[in-house]
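Please open the structure in your viewer and keep the selection tool at hand.

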Amino acid sequence: MTTYVPVAETEARQEPGAPHYLNVTHGFRSWALTLDHKRIGLMYLIGTVASFLIGGLLALLIRVHLWKPEGAIFDPELYNQVFTLHGVFMVFFFIIPAIPAALGNFVLPMMLGAKDVALPRLNLASFYLWLCGLVLATIAIIFGGVDTGWTFYTPYSIQTPTAVIWMGLGIFMVGFSSIFTGLNFVVTTHKLRAPGLTWFRMPLFIWAVYSTSLLQILATPVLGITLLLLVFERVYGIGIFDPKMGGDPVLFQHFFWFYSHPAVYIMILPAMGVISEVISVHCRKPVFGYRMVAFSSLAIAVISFLVWGHHMFTSGQSEWAMMAFSFLTFFVGIPSAIKEFNWVATVWQGSVALTTPMLYALVFLIIFAIGGLTGIFLATLSVNIHLHMTYYVVAHFHYVMMGSTAIAFFAGVHHWWPKMFGVMYSEAWAKLSCLLIFVGFNLTFLPQFIMGSQGQIRRYATYLERWTPYHQASTVGAVILGVGFAIMVAYLLHSLLGVRKARRNEWGGVTLEWDSPSPPPLENFERPPVVTREVYDYSVLNPKS
Amino acid sequence: MLPPFQQGGTVQMPAPASTFAADVDGLYYFIFWVSVFFFVLITGLLGFAVIKWRRRTEDQPAASTNTHNTVLEVTWTVIPLVLVMIMFVWGWKGALNMTVAPGDCLQYQATAKQWGWAVFHPGATQPSYDPKTGRPVFYVPAGRNVKIVTRSDDVLHGLAFPAFRVKRDVLPGRYQSLWFRVPEEYIGQTFEFFCHAYCGKGHSEMWGEVRVISQADYDKSPRPWETEPSDPKELGEMVYKANCFICHTIDGTPRVGPSFKGLYGRTEREVFLGVGGPLAKVTVDDEYIKESVRNPNAKIAKETPQGGMAPWPEQLVTEKQLAGVIEYLKTLK
Ligand SMILES: [Cu+2]
Ligand SMILES: [Cu+2]
């Protein structure tokens with residue numbers, strides 16, 4: 001059997017034993033004070049995955065609790081804390097930073113052909129801000145937990161005796177970490193592109209992270225201000241949100257969703273970027289409608305600022321506001337639909353390799369289709385009123401957040417793992433775990449759609465007898481999902497032993513990061529890259545064609 | 001296949017028990033079938049492509065590097081756009097219908113507090129509960145337009161009627177309302193209503209019932225909601241189940257407040273005289289109970305120095321009911 005050797009690899013053979021970013025320096029200080037984007041990315045990877053595992057464990061506890069109508073393990077007070085912490089960890093400590101800060105940090109400068117991000121010190125500072133946020137959140141848990149839900153709606157969040165202030169400050173910190181990362185990436189994209197890398201030669205992952213960064217910079221300050229106001233409200237009683245003092249509790253919802261709707265796209269846009277890369281490489285084909293995909297990222301970023309009211313259709317907003325928010329929500333859905341079609345068209349007539357990253361990408365395409373289509377029900381005013389605050393919404397956003405963003409994150413992790421560590425994981429185990437995750441995920445959340453449209457309200461510690469079979473199916477699904485992730489952790493850790501070394505260009509990619517040894521040297525490339533080809537030009541890999 | 005939950009319902013939807021339901025369900029199923037179509041299309045094409053063009057040799061190039069097809073791209077932009085605009089207009093019209101109540105509505109009131117409902121029928125002076133379970137109950141005449149005006153005494157709550165497809169947030173400091181009409185064929189049936197906005201510990205217990213009755217039964221005297229147990233102990237038990245069980249148990253375990261077990265008749269009960277006030281000893285008698293209910297912060301149980309119980313005015317717990325509560329407490333030895 002002849003091994004297929006991509007051209008990029010024959011050009012510059014890796015010198016065995018040459019130092020790379022993991023082993024150029026040693027010791028705790030060399031990591032704690034590192035300015036290398038790759039090491040910072042790795043630290044984010046460990047941090048976000050740890051948060052994901054904590055959040056996932058909490059999710060399992062929730063599902064086990066809901067095995068019985070009267071609740072199997074917690075009293076309602078504790079249950080409320082558990083679902084709040086699950087949401088806070090998953091949203092603020094995992095999904096928002098996962099792709100941009102962990103994968104983005106590692107991959108973005110390399111894709112641009114740069115040695116590092118434009119502002120390496122700010123990059124390290126944002127990691128420590130994230131860590132401070134995590135510490136504050138842990139303090140909040142020790143000082144009595146939080147039971148407001150991740151949305152912190154007033155006036156409950158003003159009145160509850162739990163540690164809302166600590167948690168609020170923690171998320172404030174994480175918010176600034178997110179702003180700094182965004183700022184850094186925007187500057188890097190503008191300033192550090194390799195010679196010849198014009199805007200329309202940039203891989204779509206960069207376009208996606210760039211759009212995300214704009215959102216992070218523009219939307220996150222609103223979250224910061226909102227949480228500070230909440231803290232002031234609790235400490236000084238300033239009366240902005242508290243109706244007893246003439247404040248308006250619904251104002252909080254406006255502020256909160258003015259950030260948190262764009263935040264939905266902070267979560268999904270980079271995921272879309274990962275999927276574009278993975279599909280292109282593993283189908284060895286340029287992404288169909290490249291410019292449409294790039295522009296729809298930007299379009300989504302802009303319109304997503306104008307739809308926040310769709311979370312509040314039953315709050316008593318005016319009919320005209322309802323109309324505008326519903327209309328714009330449909331409108332922001334169209335670019336996502338276009339992307340989905342573009343990806344399918346990319347697979348069409350490709351050279352489809354069923355590798356682990358590609359399997360995750362296919363899982364993404366299926367789940368994101370369901371996530372997006374069920375979003376249409378929620379955008380529709382009269383149907384929204386029936387479904388609002390039910391399990392239907394829970395299922396919908398898990399299809400988009402967990403089933404799409406998290407799955408895309410894991411597609412990316414498997415795609416760039418050989419690049420990051422220079423080792424390959426066992427594809428057999430990886431495919432098994434991918435299958436378990438796919439089955440477990442759907443078994444967990446499909447029943448929730450039905451419960452929801454039947455009227456089961458969310459955030460209930462106990463429920464009516466008749467929902468039992470649906471809740472139990474969902475719990476079984478969650479356990480399967482948990483087993484899938486446990487296997488993933490096991491084989492990924494095992495791969496680090498280095499039983500199987502990765503090739504320089506493991507999958508045959510043509511973006512710049514593959515034009516570097518695995519793992520890359522400290523300065524990313526052996527010689528400064530120059531881009532002479534159009535983006536995703538795979539002909540170079542195959543001289544015969 | 002899965003059975004529908006309610007008579008007249010489907011696998012996905014509860015019984016269509018209001019005049020809104022046909023429109024909402026029609027739109028729901030329209031979107032559903034459009035979604036099924038696109039889902040099958042997408043996954044079908046994907047599955048076909050993956051099988052047909054899967055990589056057989058390691059150096060197999062893509063079968064085509066085509067990245068544009070203007071006709072195709074315009075088609076898959078315009079068709080979804082047209083479809084969602086239909087959904088948008090249809091949904092907006094339906095929602096307008098829900099938000100604008102007709103002028104001839106019977107007007108009910110629902111007050112939410114942590115964690116229970118006080119449901120007032122038109123002209124009623126006290127809230128109505130199921131005499132046995134203590135659940136709040138709406139008696140609704142079929143064929144009449146019914147409007148429910150809501151308010152909250154503390155945090156956000158929500159009033160949701162899945163079978164009627166309507167729902168409205170319940171806000172402190174602001175009146176909000178919703179309306180519906182139940183068709184005659186549902187006379188005799190009972191549906192649930194729920195609190196949909198997260199409000200703390202007792203959130204999932206804030207549900208009650210809607211009983212659909214005929215206009216004749218609605219007009220009968222005494223009105224269906226005016227009957228309450230005549231035995232004081234049973235009356236007290238009903239009030240307990242309706243208003244107090246979420247915070248007070250009767251088995252000795254403390255919840256938000258102290259348990260009622262063995263409370264009545266205790267001597268030397270230690271209480272604070274107001275939040276931050278001095279400690280004193282009292283005997284738990286009729287007067288103490290009455291004061292605890294009408295003005296809880298006058299004497300606060302020692303275990304919970306911050307208090308935590310909102311006062312129950314006569315409008316929510318009548319004098320007669322309070323006397324019943326005392327009789328009931330006496331039975332909890
Ligand atoms: Cu939104
Ligand atoms: Cu509630």
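**First stop: the copper ion**

The residues that donate to the copper ion (ligand 1) follow the sequence spacing H-x48-H-H. The model is a predicted one, in which local features need pLDDT of at least 70 and side-chain atom pairs count only at pLDDT 80 or more, whereas totals for chains, interfaces and linings use all residues. Residues are numbered from 1 along each chain as its sequence is written, chains are lettered from A and ligands numbered from 1 in the order in which they are written, and side-chain values use heavy atoms, with hydrogens and water left out.

Select the copper ion (ligand 1) together with A:H261, A:H310 and A:H311. Its protein donors are ND1 of A:H261, NE2 of A:H310 and NE2 of A:H311, at 1.6 to 2.0 Å. Donors are N, O and S atoms within 2.8 Å of the metal (3.2 Å for Na, K and Ca); water is not among the atoms, so sites may look incomplete.

Now colour the helices (DSSP runs of H or I, at least four residues, numbered from the N terminus). A:H261 belongs to helix α9 of chain A, while A:H311 is in the loop between α10 (290-303) and α11, so this pair ties together parts 50 residues apart in sequence. A:H261 is buried, its relative accessible area being 5%; buried means under 20%, with a 1.4 Å probe and protein chains only.

**Second stop: A:N184**

Select A:N184, in helix α7 (residues 164-191) of chain A. This residue is buried as well, with a relative accessible area of 1%. Which residues is A:N184 in contact with, leaving aside its neighbours within four places in sequence? They are A:V117, A:A118, A:L119, A:L122 and A:N123, where contact means heavy atoms within 4.5 Å. A polar atom of the A:N184 side chain lies 2.9 Å from the backbone oxygen of A:L119.

Show both chains. Here 91 residues of chain A are in contact with 81 residues of chain B. The two chains bury about 7800 Å² between them, 69% of it on carbon and sulfur atoms; this is the accessible area (1.4 Å probe) that two parts lose on being put together, summed over both.

Finally, select A:R466 and B:E192. They form a salt bridge, with the closest N and O atoms 2.9 Å apart. A salt bridge is a side-chain nitrogen of Lys or Arg within 4 Å of a carboxyl oxygen of Asp or Glu, and the count between chain A and chain B is 4.

Terms used:
Helices (H or I, at least four residues) and strands (E, at least two) are DSSP runs, numbered from the N terminus. Buried means under 20% relative accessible area, exposed over 50%, partly exposed in between (1.4 Å probe, protein chains only). A polar contact is a pair of N or O atoms within 3.5 Å; within protein, one must be able to donate a hydrogen and the other to accept it, and residues adjacent in sequence count only if both atoms are side-chain atoms.
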